[in-house]
Amino acid sequence: MAMLEVTNLHTYYGNIHALKGISLTIEQGEIVTLIGANGAGKTTTLRAICGLVKTQGGTIQLESEDLNPYKAHQIVYKGVSMVPEGRGVFARLSVSENLDLGAYSLPDRKTRDADLEKVFTIFPRLKEREKQIAGTLSGGEQQMLAIGRALMAHPRLLLLDEPSMGLSPILVESIFSTVKDINRQGTTILLVEQNAQMALTIADRAYVLESGIIAMQGKGSELLEDPRVIKAYLGGQ
Amino acid sequence: MSKRLFAVASLLIVASMLLAACGAPAAATQAPAAADKVIKIATQSPLSGDMSAVGVDIKRGAELALNQLGAPLAGMGFKVELAPFDDQGNPDTGVANAKQIVSDPAILCVVGHYNSGVQIPSSEVYHTSGLANVSPANTNPKVTTRGYPEINRIVGRDDVQGVVGADFAAEKGVKSVFVVHDKTAYGQGIAEFFKKESEAKGMQVLGFEGTEEKANFDALLSPIMAANPDLVYFGGMYGQAAVLFKQARAKGFQGMFMSDDGFDSSDAAKIGGQSLIDGAGTYYSTVSGPATLYPGTAKFITDFKAAYNSDPQPFAAQGYDSMAICLKAIEDAAKANNNAVPTRESVAKAIRALKDFVGITGTFTFNSIGDPTSAKYFVIKVDSADPTAWSKNSIAETLDIAPPQ
Amino acid sequence: MANFDLNKLTQKIQQGVWPIIITLAHLILGVTLVYLNPRSNLAFLLMISSFLSLYALKTPVLFKLVTGALLALVIIPVIGVRNIFYLEVIFQISVFSALALGLNIVVGFAGLLDLGYVAFYAVGAYLWAFFGSQQYYVLHFAPGTQPSNLPFLLPSDMFYLFIFLAIIAAALTGILLGTPVLRLRGDYLAIVTLGFGEVIRVLANNLDKPLNFTNGPQGITPIQKPPMPPAFVDIFNSVFGRFVGHTASVADMYNVMFYIYALVVIIIIIVVTRRLNDSKIGRAWTAIREDETAAIAMGIPLVKMKLAAFATGASFAGVMGVLLAGSRTFVSPESFSFMQSIGVLTMVILGGSGSIPGVILGAATVTILNLQILQGLSLYLSQLRQSDAVIPIINFAWKNLSNQLDPAKYQRLLFGLILILMMIFRPEGLIPAKRQKRELASDKVEVKG
Amino acid sequence: MKRLFSSINIRELLRPIGQLAIFSLGSAVILSAIVLLLALIMDKTAVGLGVLARFHVSLFTYTLVNLPQVLIDGLTIGFVYAAIALGYTMVYGVLEFINFAHSEIFAVGAFVGVEILIFLDGLGILSAVPNWAAFLILIGAILAGMLASGLLAVAVERVAYRPLRGASSRLVPLISAIGVSFFLQDAIRMTESLTTGQFNRIFPTFGNFDDRLKFGELPMGANMITLGVSIKSIIVIIAAVLMLVGLNYLVNATKIGKAIRAVAQDRTTANLMGINVNYIISFTFLVGGLLGGAAGVLYALKFTRIDPFVGFFPGLKAFTAAVLGGIGNITGALLGGIVLGMLETFAGSYLGVFTIGAAGTEYKDIFAFGILILVLIFRPQGLMGENVSQKA
């Protein structure tokens, strides 16, 4: 049973046909990445999965359960967490309040302290800044906070939208290795990335999106060597 | 899209109107026979908005009078109808209504208005078409000082009522007053004349303040308490006056309160309660006679309550009397016209020709500009904090005063 | 009727000579009915609505102009003098159209919500009320205590000069208020203008001491009207007298005169707004309305442009104020309440914010609703209540209907409902502005490309 | 027991009370200093005015003697404004939208509370009850008013605001709110007229709410000025403080409060946290309505008479107070209310004397709006508002 199975997904923005029949599968424990040019529909796919975009045709199934009837805030309760593009931290709340909001979907707070410890071991920087207002954090710290916050919800499937955006190469490196760590501890990850090189390196499998359809798919390492991918996304000659 | 919609709409309007036009003559033929004997009397008062409490009751008073006193005209074969208009307390609406009223030849008399600001421009319209107007509530001198033969009122003028109050205060030995008014044409008008007369009688006017505030008089009360006058006078309606008096008493003011005929409502006792009785007590001047002098008033209150399930507001009784005067004048004019529908001019003349017409609020004869000659003015003392005993309040003084010419 | 096809029908009536025929039929029918039933509200509505046919149907421009002019300048005055109530309704429609068109510049074009628009109206009205009356001589008298038989301060033909002075005074007031507050965000501005409207009303109510400028709540009266050339009355009577049915009095002709003045103001506003709208200023307003941040980025001087809109809108209100003072010969603070501001705003929103024909339609609808329909329904109900009629099916006697349910009493309720429903179902109004449509269309193209 | 205490955040309970004390004291001291200074400067010039001549006191003495009572009155009305302002601020904080209809929601609360009391009075219950029972009945009426207003606010949001949430312009919901406000005014009037035949309602007299606690007397010439505060003013003040503390706790120290703040900042991300945004917005309106309803009944208690248009002016003032303090900020609403109430009372009490009768109480509203415009020129974000850049 696949963790997530998307079949023939269609969405529209007004009259614009944004996703034209996307199908993809994510198995338990995998890191899968979606790469593609700007406007190819990567973010739309993520937003459709977590319920922020209405689908018009096709199914999204999480462990064989159809997600279509659920609204965005209900899907969180199903174990899907998303780290949105541009991080979306609550700038006027403190770091610890942001993290608490991550655990909003959990019924009681018995595990809160343990969860917090866990996030702080992954991102020690956040512990130092626990009382700080999130808006005053650096870009990298905000990205850590966004990921940590998503983890507070105990997700089975973590959706990451452009975690490398606007970060220095060193930070990107560290974020990606953290993502890999999170995955090793058992969280399935769907990663959308502009930085195809990095994404393909850590991903088990990858899909290439072009104008709303899946143009290619395969193992991360294979796609890294595919000439078409190199030409289009890896800046090769 | 919208242009298309309108095009279709106008086509449909034309089509339906054509049909209606074919049907109309049939309806029109039978109308005149009955319409000949229809007489309408219009009322204009604010029926909506925040002044409608009083405005609606002016209309109801008139309606009650029409129902109770319409018999003589009905006996002469007339069907008398009420045409109530809502002036919204707004001069624009009042003038438009006035023009609608004068363009309906069946309307022979108008009872209205509540706001002098509406009455003055609207009566210009009545005047141009000779339509009689009896005002139940407008105390502004300008209503009649323009000298129009159609415009009458049955209430006292600001310049008299203020004087009555001040004279009474002087008799009571009041040495100093603080005058407050509600910043309406009515309240301020009375207050100005009260102040003028008080100064003339040698009283000290310690303050003269206007306020539109309806609830929180704390800020106003500080200077009043500091001045500690013998009398606080309020020119305006009971809704504000009673609240002010209550709050003043609560702050420890022990002097006398006085107000005008806008205070004449049992709700004043409901709001003010015991604070009206405490200290040197509460008085109000009024042109409408108390039940003891005018038995009609008590009956009016009972009838009004039976008909509308609420106590009459100020000027409801005046609305009743204004309508009664209209009815009587139309009856007189119709008799003079061989029981045919009289002209507007003759109705207006008939009102001025009335001699000692006995209403429920007084006995009326109109002078050459439409003020009641020697209107009776009363100063009434509030005797009980119980609202149901309001009509049993005692008369402290009765005055017959002719209005200034 | 089963296959009723709206599109086909509209196409058909927009083709060939049909539009001209329908328009003329509408007009002639309306005028005839009004002429025959001088007091029928329905007939009057039919006649007035022929402006809609004139606007909506595809007829040659010359035809539109000639018919429109004939209707506005000949037929309406004649019908109006025949029944002065109609003239009053039309006069108020034109006054409120002018006010709504002025507010439309502020709300519709520049997107600034002004909840105190009547303040500028008041400035114009009180300007002429003070100088065109005897008020100058009673500066030292308390309201109500002044002597009578005072002279007027200025001759009555100064009225025309004061129309121009009112433009300046109202525009200056607009700038005075606008300069500090136009930096604020839209909804703050709305509340501040609301407060300002109240301030002007309270000032009008209170400036009777220490010097009596406004005569307080009693209001200023009499105010002079501009002189009426006697020839005007004579000519009207000799040309149209037999159509009217009675000789027109000077008072009637004053109504016609003020109606025509209001019409002139409307035409000037339309020309000015059209000109402005097609100019750099108009484009700047659109930019500000659509996206303030982007407008700043484009180098648009925000405060200056907003002030321009504010002052233009204000000046038109000022002119109408002078007309009001002259036509009513009476001005009091009651005419400038918050309710009045909301009424004008309702007209703009209902008709179509930013759309000139829409705003006029809105003004006409609200005025007719208020003066004719609601009052008419109340009168009708009151007649029913005085009769022995019974509602058939439920067997309910009209007599027993509570008179708390008079439609005329629920104007606010209706205004409120109109505002809510329009915002939910048709925020762009009855006749939406054309420019917005164009923009939406171009948006789509851009995205597709 | 220990657990219970550890789960209540004492600091969040005490912090607003401290702020309150500072604000009240601060504005009192500043305003007093200003008028006293003015009085000192003008001391010689205003002599001869009727009031002063009668008691042979100087302007300075007059000002000083009146000051304590003016401060008490200003504080009371300030707390009323603050209580209403909390409702505006709550909704504005979350939706950045002026709930123009809040003044009518306030009025509905007042009417429900007063109608219940009138009904009980009609049964003859109120006149006989002892003071403690009167107090309980009052609390019951307040709760009923709160409930009615809260539900109404939720319904209004659902019907008139939610369909507009995606609107292009901020003016769209604002105009709809103005529509709701007008609709409700007449709807209250219609209901009251049909059921009771009139729409001016009067808060029945019962209990000892009208009694006055006297603090002492101050000499004014030959005259003594009594200093005091009525029991109902004390009730109003205590209730407003409770409302503030409760609201502050709800927003800053509970899970749902955190969700409210999250929704206020970023609805999409809040959604991704599993927060049902529609539910939170409804809840916000509920809380705003509850506060408005309570304020309505308290207002009726303090000022006795209500009508369907009763909400308009207090609503406008409270909104002014909220903007003055920095709208969207709970503490700001409180500060704004206190400052506005004080200013207004000072203006109303002293303007007449200081201008030798040329301008009096009637200008106190103008004074309030004037201050609002001034503050907005120099601090568009309000006294306590943070200068947060507009969110995208």
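Modeller: Let us start with Asp208(C) and Lys183(B), which form a salt bridge with their closest N and O atoms 3.6 Å apart. Please keep in mind that this is a predicted model.

Biologist: Why is the pair of Asp208(C) and Lys183(B) called a salt bridge?

Modeller: The rule asks for a side-chain nitrogen of Lys or Arg within 4 Å of a carboxyl oxygen of Asp or Glu. Lys183(B) and Asp208(C) have N and O atoms 3.6 Å apart, so the pair meets the rule. Across the interface of chain C and chain B the rule finds 4 salt bridges.

Biologist: What else describes the interface of chain C and chain B?

Modeller: About 5,700 Å² is buried between these two chains, and carbon and sulfur atoms give 56% of that area. The contact involves 72 residues of chain C and 68 residues of chain B. Among the 5 pairs of chains that touch, chains B and C have the most contacts.

Biologist: Which salt bridge joins Glu212(B) to chain C?

Modeller: Glu212(B) pairs with Arg201(C), with 2.9 Å between the closest N and O atoms. Glu212(B) sits in the loop between strand S7 (204-210) and helix H9 (218-227) of chain B, while Arg201(C) belongs to helix H8 (residues 186-206) of chain C.

Biologist: Why is Glu212(B) called partly exposed, and why does Arg201(C) count as buried?

Modeller: Buried means under 20% relative accessible area and exposed means over 50%, with partly exposed in between. Glu212(B) has 30%, so it counts as partly exposed. Arg201(C) has 13%, so it counts as buried.

Biologist: How do you know that Lys302(D) and Asp218(B) form a salt bridge, and are these residues buried or exposed?

Modeller: Their closest N and O atoms are 3.6 Å apart, and the limit is 4 Å, so the pair qualifies. Lys302(D) is in helix H11 (residues 277-303) of chain D and Asp218(B) is in helix H9 of chain B, so the pair crosses between chains. Lys302(D) has 8% relative accessibility and counts as buried, and Asp218(B), at 6%, is buried as well.

Biologist: What makes Lys251(B) and Asp73(D) a pair that joins two chains?

Modeller: Their side chains meet in a salt bridge at 2.4 Å, N to O. Lys251(B) lies in the loop between helix H10 (238-250) and strand S9 (256-259) of chain B, and Asp73(D) in helix H4 (residues 59-95) of chain D, so the pair joins two chains. Lys251(B) has 6% relative accessibility and Asp73(D) has 5%, so both fall under the 20% cut-off and count as buried. There is also a network of salt bridges that links Glu213(B), Lys317(D), Glu344(D), Lys364(D) and Asp365(D).

Biologist: Why is Ser176(D) called buried?

Modeller: Its relative accessible area is 0%, which is under 20%, so Ser176(D) is buried. Ser176(D) is found in helix H7 (residues 171-196) of chain D. Leaving aside neighbours within four places in sequence, its contacts are Ile420(C), Met423(C), Ala160(D), Tyr161(D) and Leu164(D). A polar atom of the Ser176(D) side chain lies 3.0 Å from the backbone oxygen of Ala160(D).

Biologist: What holds a salt bridge between chain D and chain A?

Modeller: Glu97(A) and Arg261(D) meet through their side chains at 2.8 Å, N to O. H9(D) gives the most to the chain D side, with 7 residues. The area buried between chain D and chain A is about 2,000 Å².

Biologist: How do you know that chain A is as compact as a globular protein of its length?

Modeller: Chain A has 10 helices and 10 strands. Its radius of gyration is 17 Å, close to the 18 Å that the globule rule gives for 237 residues, so chain A is as compact as a globular protein of that length. Buried residues make up 55% of the chain.

Technical notes:
Residues numbered from 1 in each chain as written. Chains lettered and ligands numbered in written order. Predicted model: local features only at pLDDT ≥ 70, side-chain atom pairs only at ≥ 80, totals over all residues. Heavy atoms only, no water. Helix = DSSP H or I, 4+ residues; strand = E, 2+ residues; numbered from the N terminus. Buried < 20%, exposed > 50% of the residue type's maximum accessible area, 1.4 Å probe, protein only. Polar contact = N/O pair within 3.5 Å; in protein donor to acceptor, adjacent residues only side chain to side chain. Contact = heavy atoms within 4.5 Å. Buried area = accessible area lost by both parts, 1.4 Å probe. Rg over C-alpha atoms; globule rule 2.2 N^0.38 Å.
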